[in-house]
Amino acid sequence: MPNEPTVDLQLAIEHGLSEEEYEKICKTLGRTPTYTELGIYSVMWSEHCSYKNSLLQLKTLPREGEKLLVGAGEENAGLIDIGDGYAVAFKIESHNHPSAVEPYQGAATGVGGIMRDIFTMGARPVAALDSLRFGELDKQKNRYLFSGVVKGIGDYGNCLGVPTVAGDVYFEECYTDNCLVNAMTVGVAKKGRIAKAIAKTPGAAVYAIGSSTGRDGIHGATFASEELSDESEEKRSSVQVGDPFTEKLLLEATLELIKEDVIEGIQDMGAAGLTSSSSEISAKSELGIELQLDNMHLREKDMIPYEIMLSESQERMLVICKPGKEELFEEICRKWDLDFTKIGKVTDDKNLKVFFKGEMVADIPSASLAAGEGAPVYERESKRPAYLDQVQNLNIDTLQVPEDISAAFMKVFSSPNIVSKQWVYEQYDYMVRTNSVIQPGGDAAVVRIKGTNRALSTKTDCNARYVYLDPRMGAAIAVAESARNVVCTGAQPVAVTNCLNFGNPYKPEVFWQFKEAIAGMGESCRSLETPVTGGNVSFYNESESYQVYPTPVIGMLGIIDDLSHITPAGFQEEGDLVYLIGKTLPELGGSEYLKRIHNQVAGLPPHLDLETEKKVQEVTLNAIRAGLVQSCHDLADGGLAVGLAESCIVNKNNSLGLKAQLTSDLPDHVLAFSESQSRFIISILPENKKEFEKHLFDNDIPFSHLGEVGGNSFSFNDFFDFSLEELKEIYYSTIPSIMNQ
Amino acid sequence: MRAAIIVFPGSNCDHDAYIAFKKILDQPTDFVWHKETNLDSYDLIVLPGGFSYGDYLRCGAIARFSPVMKEVIEKSKLGVKVIGICNGFQILTESGLLPGALTMNKYRQFICKDVNLKVENRQTVFTHLCNEKEVLTIPIAHSEGNYYCSAEELSQLEANNQIVFRYSTPDGNINTEANPNGSIVNIAGIINNTGNVLGMMPHPERNAEHLLGNSDGKKILSSIVDSFRRN
C-alpha cells in the first residue's frame, strides 16, 4: 500500500516485538510481513493478548470443577451451572493504564469491555463489581484519579442499567501514579442459550455491528504491555472513549440475536479490535475468515488497513450470521438503531485474509496468532527479591503496646482503607433490576435470580500488603477471604476469576512474586474447591517512582440455594448473643494497625491454615443454613475491634451497640488488632444458644461468647467505649470530607 | 387494569416496572416499544426510569419526540393515568405534561440511596392507600433530579395541592438536610392539575417487595391498581 512504512527489524522492534519474534513471523509467512501484518502480529503477540509470559503459570491453576460448563480460556468468560436451568458467566479484567492516564474514560471503557465479554456469551449482566487501588488521598493527583475513576464506572454502568453492587478499594502509596482499576461482571444465561466465539459454515457472512471505527485505541493492547512514564500522557489517544448508550443498544440487540437463534458465532471487538476477534474465531474454529475492509463503517477519513485492523473503538461486535438468517439479523439490528455492515465471510482455509481496495493486505495462518498456539510462550527468569528478608523481619514482642488503646483504635478505624466506601457506591446505581438483596457495604453483595429461589453472592478482594510481604501466603489469603465473604451471606463459594496485577515480568524479582502468588492461589483454590474460570493478567504496573504491590485480585462467586439463607453483616436485634468464631493468634504482620500506629508495612502476613479455613467456613455455612445465625461478618483488616464496630454500625439506620468482653493472654493490641485468618463474628437469637454452641463444639471449632447486642455504644473490655453516633460519624464521613475539601 | 410500560432506547428500569405490575401486583402488563402509536388498550401508561437516548442533549429531551409520546399526550388529555418515574418524570416535564424541569443535582454527582418521602397529598389515585402525611422510604438513583420551576408555577402547584411528595427527615420534617439533590421546596413528585399524570424521581418499583426493603413503594403502585377497582 502507498504511504506505509517499510517493514524491517527496526520497525518490528518499535512495535514491541523482539528480534527472535520478528524472525519467527518471517519464517511463518515465508516472507517479510506487510505493514498491516506486522501490526496484527504485534498486538496479538503483545502480553495483553498472548499471555506469553504468564500462560505457563496460569496453567498450574485448578480449572476443573463439577459446576464448570466452560473452563478457563475456552470462551470469553467462565461459565458455571447454578441449577434450575441457569448458568452464570463471570470475569474480571483490568483497565489500569488507561485509567492512570485518563481516569474517567479509562475506567468507563474498562466497564464496557468486561460487560461485552459477558453479554457476547448470551448472558445478561446482573451485577458489576470494581476492585480499585489508588495512592494515598492526601495527594491531589490521587484524589483526581479516584474521583474520575468512580465517576467513569458509575456513568457507564448506570446508563447501561447494570447494578454495581460490590468491590474493594484500598489506598496505598505504591499505587500513586499507577492506580489499579479492575472491573468484574456477572451475567446470567439460560443454559441452552449460550453463544460462542466460533464459525461453523464456510460462506457464512461476517458482520461488524455497533459503533463506527476510528483511530482511537490503536495499540491499546501494546500500551498495556509496557511501563508507565511521562510519555504515557502523550498516549492519551490510546485511551478509547466510551458510549454507554450504544453499549445498551448493543446489549439488548445481542441478547435478542442470540434468543432468536440467528447467529453462528459472536465475539466482542475488545483489545486489538477486529484483529483479535476475527483471528480468534478463525483459529478456534479451524476455518478461515476473509475481511473486506472497504465495507467497514468508519468515523474518520483516510484510514489505512493497519489502522482499521488495530482500532480499539468501543461498543463493536463481530458476528457470524447463520446462513439464511441474514434478513432477521438485519431487522433486529435496525430495531435497535445499530449500524451493521457485512465485512466478510467464513472460508474453508485456516487463514485470516484481509483485503482493501482490491488488494490483499494480510494473509496469515490464524493459529500463528493465537495465544498458546502460534504466539510465543516464555518461562521468565525468577529470583526471590532481596527486600523480603528486610521487611519480613519483625518481632511483635518488641512492638510497643500503645498507652492509649482507645486512641489507637480510632486511628485504625478512621483509616480510609477501613471506613465505609459509601461515597463510592452511592455514585453507582446498585439497585437497578431489583435483585440487590444485600447491597454494598456488607461482606459480599447478594443478587437474587428471579424465577428461582436462589441468589448469587459475589465479592472482590485482595490485601496486597500481605502479598507484598509473602506472595504465596498473601494470594492464598485473597482467595480464602473472598470465600469467607460470600459464606457470611449464606453462600457456598463455587468458583473464582482473577485479575493479576504485577510489575514488569522481565524483572526476575517481579516474576518470582508472580510465580509464588499463582502457587498460593492454586493451593487455596484447590483446597476450597473453587476453580479458576478465567481472568486477566496485567503486567508492567510500574512508574518511574513507584512499583505497585503485587495485587492478585480475586473475584469470588458463591451460590445461595435458598433465599431464606441470606444473612446480613450487621447486628439485627437487641439481646442477640455475639460470638467470635475461630482463634486469635499474635499476628500483626502486614496489619492495618501496624501501618497506622507503627507506620510499618512489615512482618509476615497472618498464617492461613487451609484445612482450618475450609472447616470454619463449612461449619459457619451449616449454622446459617440451619437458621441459627442472625448476622455474620468476616474478620479482616483492622482485626476484632474493627470487625465488631462494623457489625454495630454497618446498618446505618438501625445501628445496635455491644459491650464486648473477652479475656485473653494476648497483649491488648494483639487481641484488638490481630488479623488472624479463619474468623467470623456471628450473632444469634438467645433461644438458639444451646444448639449453636453444640454445633461449634461438636465440630471442634474454637469460639468465645463476647456479649449481647444492645445499647447506644460499642465498648471492648476496658480498652474503650464509643457512642455509635461517634463511630458512624467517622465511618461514613471520613472519605466524603477528604473528597469534598 | 392493563399497564403499558413504554420502552425507549436506553430505558433501563422498564424491566423493574414490568415485574412490579405484572408479578408483584398481578396485573396484565405489556412492554410497549417507543415506535408504537396506539395505546387504546391501556388504562395506565408507565414511563420508566433509565437513560433514554443516553440522556444525550438533555434528559428526556429526545425521548419526547419518540412516536409514542404523541399518543401518551393524547391519552393523558382523555384522563388515562400516566406515571413517570425518574427519567420518565424528566420526559413528562420535557413534553410539557408537567411543569418545571429537572436539573443537575446540587452536589453534581449521581446519587443512589434510600430517601424519606413525605406524602403531601393522599387525595390522588397514586397515593390514596398511604396514610395522611405518611413518611415512606423509597430509593432514588439519578444525577439530574433537582426540581426547578418558576415562582408562579410553584405557587400554582401549591395552590392546587399538586405537590405529592417531598423529601423529608424520617419524622417528616422538610428541611435542607433531608433534600438529596437541591430540589426547590424539597419537591420529589408532582401531579398535573387534572390529577391523572404523576412524575416522581424516587423509584417505588424498586421497593415493592419485602425481600428488597420495607416494600413502601408498593403502597404507591397498589394505590393505582386499587383506584381501578373502585371505579
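Student: Is Phe720(A) buried or exposed?

Tutor: This is a predicted model. Buried means under 20% relative accessible area. Phe720(A) has a relative accessible area of 6%, so Phe720(A) is buried.

Student: How do I read a pair of aromatic rings?

Tutor: Use the distance of the centres and the angle of the planes. A search of the whole structure gives 34 aromatic pairs over all chains. In one of them, the ring centres of Phe409(A) and Phe720(A) lie 4.4 Å apart. Their planes meet at 20 degrees; under 30 degrees counts as stacked, so this pair is stacked.

Student: Which parts of the chain does the pair link?

Tutor: Distant ones. Phe409(A) sits in helix H16 (residues 405–413) of chain A, and Phe720(A) in strand S26 (residues 720–723) of chain A. They are 311 residues apart. Phe409(A) is buried, at 0% relative accessible area.

Student: What is the geometry of the pair Tyr593(A) and Phe673(A)?

Tutor: Stacked, with 4.8 Å centre to centre and 10 degrees between the planes. Tyr593(A) is in helix H21 (residues 592–598) of chain A, Phe673(A) in helix H24 (residues 668–673) of chain A, so the pair ties together parts 80 residues apart in sequence. Tyr593(A) is buried, at 0% relative accessibility. Phe673(A) is buried, also at 0%.

Student: Which residues form one aromatic cluster?

Tutor: Phe409(A) and Phe720(A) belong to it, along with Phe413(A), Phe714(A), Phe716(A), Phe719(A), Phe722(A), Tyr731(A) and Tyr732(A).

Student: Which residue lies over the face of Tyr732(A)?

Tutor: Lys652(A), at 4.9 Å from the ring centre. Elsewhere, Lys24(A) lies over the face of Trp45(A), at 5.4 Å from the ring centre.

Technical notes:
Residues numbered from 1 in each chain as written. Chains lettered and ligands numbered in written order. Predicted model: local features only at pLDDT ≥ 70, side-chain atom pairs only at ≥ 80, totals over all residues. Heavy atoms only, no water. Phe/Tyr/Trp six-rings, centres within 6.5 Å; stacked < 30°, edge-to-face > 60°. Helix = DSSP H or I, 4+ residues; strand = E, 2+ residues; numbered from the N terminus. Buried < 20%, exposed > 50% of the residue type's maximum accessible area, 1.4 Å probe, protein only. Lys NZ or Arg CZ within 6 Å of the ring centre and 35° of its normal.
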